[in-house]
Amino acid sequence: MIDLAQSPARPSALAEFWFYFRENRGAVIGLWVFGAFLLIALLAPWIAPHDPTMQYREHILQPPVWQDGGSWAFPLGTDPVGRDMLSRLMVGARFSFFVGIVVVAVASTGGIIIGLLSGFMPRWLDTIIIRLMDIILAFPSLLLALVLVAVLGPSLVNAMIAIAIVLQPHYVRLTRASVLAERQKDYVTSARVAGAGTLRLMFVTVLPNCMAPIIVQAALSFSTAILDAAALGFLNMGAQPPTPEWGTMLAESREFIQRAWWVVTFPGIAILVTVLAINLMGDGLRDALDPKLKRS
Amino acid sequence: MLKYVLTRLLTFLPTFIGVTLISFGFIRALPGDPIIVMAGERGISEERYAELVAQFGFDKPLTVQFWDYLKGVLQGDLGTSFVTKKPVWDEFFALFPATLELSLCAMIFAIVLGLPAGVIAAVNRGKLFDRALMSTALIGYSMPIFWWALLLIIVFSGQLHWTPVSGRIDLIYYFPNPTGFMIYDAIASGQDGALWSALRHLILPTIVLGTIPLAVIARQTRSAMLEVLGEDYIRTARAKGLPPARVNGIHALRNAMIPVITVIGLSVGTLLAGAILTETIFSWPGIGKWMVDSIFRRDYPVVQGGLLLTAVMVMIVNFIVDILYGVINPKIRKR
């Protein structure tokens with residue numbers, strides 16, 4: 001049998017994707033930065049120069065190495081109780097990626113399943129699901145997350161649950177909208193005529209063709225999750241001290257902003273750069289995956 | 001048009017009941033006895049406990065509790081604060097002007113800068129200005145605003161001493177009958193320097209709260225303009241020899257505005273969420289700070305009522321945007 005996918009006329013889906021993704025220089029930069037942070041997050045326990053919770057009492061609020069009083073022992077300085085900033089930031093990367101991955105996995109799995117159901121089930125069930133999602137969307141997301149955390153108790157895991165609940169309706173709406181558009185198409189009708197059951201139609205026939213907008217949404221909500229988790233941490237409703245989560249680090253150092261700029265500046269830069277890199281990638285993904293925007 | 005408004009209203013009602021159900025469920029979802037939790041470490045006397053059980057209606061069946069709650073909500077009774085003993089409804093509307101004033105200023109800031117920026121970027125597509133502007137917009141869109149606020153405080157309050165760090169006005173000013181809108185109150189009072197003081201307090205929170213909407217509006221305006229600029233009628237307008245400013249500013253912008261207005265409407269929820277952080281950092285006495293404080297004080301009637309009222313505010317704004325959308329674009333009404 002001839003494998004059509006290998007014929008030179010048509011590049012593989014991945015190669016085609018990469019071709020369009022590469023066109024967007026920002027997206028490629030975003031990908032590199034994201035890769036670097038991922039590496040730091042994975043290797044943090046081995047490459048961090050110090051234990052992130054170790055308090056060097058004789059080096060409290062030591063400035064970064066390039067300022068007077070700084071030393072190479074603590075390249076980015078130390079925080080108000082003498083912990084190494086660089087090590088805390090490196091380990092903090094782990095928490096941010098953990099949050100991003102878990103939230104996106106939970107919110108997208110739940111949202112995709114509910115969205116598929118909504119698109120395939122009878123009208124009344126669809127209406128109920130959409131109304132439920134409207135109700136969740138009526139609350140400002142951070143406020144709802146805050147109140148959920150107040151109910152569940154402040155911790156990083158509960159913050160992740162709350163953010164996943166708040167982000168999930170977007171996946172439902174997106175999946176449902178694409179399902180409704182795809183269901184009209186001939187290939188779905190022919191699959192149905194060929195005898196495919198509803199479950200097969202949902203997951204095997206229709207879902208793969210709805211993935212493009214969902215993947216873009218996943219990239220965007222990855223960054224939203226990191227931002228929201230940091231915001232909750234900042235409000236003391238996320239990860240609890242002494243966890244070196246970036247938002248929590250900012251909250252702990254707020255009172256020192258006039259005396260020690262580095263304790264405030266670096267965690268913020270870490271959040272900004274990570275979120276920016278992911279958003280850049282998201283833009284590139286959208287350009288590469290959305291056929292409407294493709295320049296042929 | 002009336003039919004359109006009525007159908008929109010019909011979808012409004014179930015959402016409203018659902019929102020009420022969630023805020024009703026909130027106190028009951030708390031782990032443990034909510035009254036004991038609210039009392040905290042101080043403990044609570046038996047009479048007060050019985051009084052509160054009766055006040056919240058915890059001794060009745062859930063359905064009756066919800067019915068009573070819904071009736072109360074419709075009559076503007078959201079219970080009383082556990083801490084201040086004042087009605088939640090009154091507290092909300094006493095603080096709401098502060099949040100509204102800040103949000104309006106942030107929105108104006110975002111629109112006044114974002115719209116022209118988006119238009120200029122679209123007209124100069126691919127040029128240096130476009131690229132610089134869009135990179136800046138993406139940075140703004142990715143900004144952790146709580147950190148951005150701290151940075152602005154370090155520079156403008158700490159180093160330059162241009163702006164105050166917190167509050168809405170210097171303490172030396174006193175207004176006998178305040179409306180809660182500080183700019184208006186300051187002008188109406190006629191006191192020297194009051195307006196200047198109010199504006200100085202407003203500027204940093206406005207920038208912080210307006211940053212993300214600004215970035216979103218600039219990006220959305222640019223992409224909407226790019227789409228419209230490719231249309232035939234624009235080419236016709238150009239071919240007729242109309243000056244570019246007229247083609248871009250009037251012919252194109254008018255049609256590009258439709259998606260932009262949607263984005264502006266949708267930003268209201270973002271603004272209220274952002275207000276939580278902004279108000280907390282700048283000690284701005286509005287709804288966001290009130291809610292955060294109440295969560296920490298375990299003042300659950302306030303959290304419950306505030307949650308409901310905020311959601312209703314967002315719903316009303318979305319409803320108005322929907323209606324406006326129908327007014328601007330007759331095609332939507334027919335659906």
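Which side chain meets that of Lys185(A) in a salt bridge? I looked this up before anything else.

**Entry: conventions**

I am working on a predicted model, in which local features need pLDDT of at least 70, side-chain atom pairs count only at pLDDT 80 or more, and totals for chains, interfaces and linings use all residues. Residues are numbered from 1 along each chain as its sequence is written, chains are lettered from A and ligands numbered from 1 in the order in which they are written, and side-chain values use heavy atoms, with hydrogens and water left out.

**Entry: salt bridges**

I took a salt bridge to be a side-chain nitrogen of Lys or Arg within 4 Å of a carboxyl oxygen of Asp or Glu. By this rule I get 14 salt bridges over all chains.

The partner of Lys185(A) is Glu182(A), at 3.2 Å from N to O. For burial I used relative accessible area with a 1.4 Å probe and protein chains only: buried is under 20%, exposed is over 50%, and partly exposed is in between. Glu182(A) has 11% and is therefore buried, while Lys185(A) has 39% and is therefore partly exposed.

Next I checked Arg131(A), whose side chain forms a salt bridge with that of Asp134(A) at 2.9 Å, N to O. Both residues, Arg131(A) and Asp134(A), are buried. They sit three residues apart in helix H4 (residues 123-138) of chain A, about one turn of the helix. Helices here are DSSP runs (H or I, at least four residues), numbered from the N terminus.

I also looked up Arg286(A), which has a salt bridge to Asp283(A) with the closest N and O atoms 3.7 Å apart. Arg286(A) and Asp283(A) are about one helical turn from each other because they are three residues apart in helix H10 (residues 261-289) of chain A. Arg286(A) is partly exposed at 32% relative accessibility, whereas Asp283(A) is buried at 14%. Elsewhere, Asp79(A), Arg83(A), Arg88(A) and Glu252(A) are joined into one network by salt bridges that share partners.

**Entry: nonpolar cores**

A nonpolar core is a set of buried Ala, Val, Leu, Ile, Met, Phe, Trp, Tyr and Cys residues joined through side-chain atoms within 4.5 Å. The largest one has 140 residues, and Leu232(A) and Phe146(B) touch the most other members. Helix H8 (residues 198-234) of chain A gives the most to this core, 18 residues.

What is in contact with Leu232(A), beyond its neighbours within four places in sequence? I count heavy atoms within 4.5 Å as contact. The list is Leu142(A), Ala145(A), Leu146(A), Val149(A), Ala159(A), Ile163(A), Met237(A) and Gly238(A). I noted a second, separate core of 14 residues, with Ala98(B), Met107(B), Ala110(B) and Leu115(B) among them.

**Entry: backbone**

Most residues other than glycine have a negative phi, and most peptide bonds are trans.

The peptide bond from Pro241(A) to Pro242(A) is cis, with omega near 5°. Pro242(A) is in the loop between H8 and helix H9 (246-253) of chain A.

Lys85(B) is not a glycine, yet its phi is positive, about 65°. I find Lys85(B) in the loop between helix H4 (62-74) and helix H5 (88-123) of chain B, and it counts as exposed at 53% relative accessibility.

Ser283(B), also not a glycine, has a positive phi of about 45°. Its loop runs between helix H11 (244-281) and helix H12 (287-297) of chain B. Ser283(B) is partly exposed, at 33% relative accessible area.

Conventions. Helices (H or I, at least four residues) and strands (E, at least two) are DSSP runs, numbered from the N terminus.
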